[in-house]
Amino acid sequence: LIFIMLVLAPLLISYMTTDMRAQRLVLNDVTNFIDKVTDKGSIKSGDIDQLYLDINSHGMILDATVKRLVRAASMDPDGTVKTVYFSVDDLTVMNPGDVVQVNISEIVVSTPRRLIYKLLRVDNGQFKFTLAGTVR
């Protein structure tokens, strides 16, 4: 019990604080990317490269997928209009109303996290999230 309170508890708290800070910084980087793209209305390959560098500079190994969703409307026989979004490969020029979606997922589990799981069986799962924004 003394070993857990004096050694493992401070290590767990330190790791969790560092991990949560990195997750918050990644979330901030993705938000900045989406804001820039929705204001500019286009994505260049340099923008995606910069996103990869930004999200992986916080000590986590992450993968990012950027999608452009184009809105299309269709009318049913009963007169109701349905809006459908479909994915398009061309990211260079976007129209107002298009949606930029960024999916982030963790690729590798860090060594401290693996160690904490082996010793204490504590794990908060894979880090992944999706953010989207509409082009203005």
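A: Let's start with S42: its relative accessibility is 12%, and buried means under 20%, so S42 counts as buried. Keep in mind that this is a predicted model. S42 sits in the loop between α1 and α2, the latter covering 45–55. If you skip its neighbours within four places in sequence, S42 is in contact with V37, D47, L91, T92 and V93.

Now step along to I43. With its neighbours within four places in sequence again left aside, I43 is in contact with F33, V37, I48, V66, L91, T92, M94 and V100. I43 also shows up in the largest nonpolar core, which has 22 residues; I43 and I104 are the ones with the most contacts inside that core. The elements giving two or more residues to this core are α1, α2, β1 (62–75) and β3 (99–106). Of these, α1 supplies the largest share of the core, at six residues. As background, nonpolar side chains tend to be buried together in soluble globular proteins.

α1 and α2 pack at an angle of about 165 degrees, and their axes are 9 Å apart. Angles over 145 count as roughly antiparallel, so α1 is roughly antiparallel to α2. Their crossing is right-handed. On the α1 side, the contact is made by V26, D29, V30, F33, K36 and K40, and these meet D47, I48, L51, D54 and I55 in α2. By residue class, this contact of α1 with α2 has six nonpolar, no polar and five charged residues. Some names come back here: F33 and I48 are among the contacts of I43, and D47 is one of those of S42.

α1 has another partner to look at. Helix α1 (residues 2–40) packs with helix α3 (residues 111–120) at an angle of about 140 degrees, with their axes 11 Å apart. That angle makes α1 oblique to α3. α1 passes α3 in a left-handed crossing. The α1 residues here are L8, L12 and Y15, which meet P112, R113, I116, L119 and L120 in α3. The residues of this contact of α1 with α3 divide into seven nonpolar, no polar and one charged.

Back where we began, then: S42 is in the loop between α1 and α2, and the S42 contacts include V37 and L91, both of which are also among the contacts of I43.

Key:
Residues numbered from 1 in each chain as written. Predicted model: local features only at pLDDT ≥ 70, side-chain atom pairs only at ≥ 80, totals over all residues. Heavy atoms only, no water. Axes fitted to C-alpha atoms, helices over the stretch in contact; angles between N-to-C directions. Helix = DSSP H or I, 4+ residues; strand = E, 2+ residues; numbered from the N terminus. Parallel < 35°, antiparallel > 145°, perpendicular 65-115°, else oblique. Left-handed = near helix turned anticlockwise from the far one by under 90°. Contact = heavy atoms within 4.5 Å. Nonpolar A, V, L, I, M, F, W, Y, C, P; charged D, E, K, R; others polar. Buried < 20%, exposed > 50% of the residue type's maximum accessible area, 1.4 Å probe, protein only. Core = buried A, V, L, I, M, F, W, Y, C linked by side-chain atoms within 4.5 Å.
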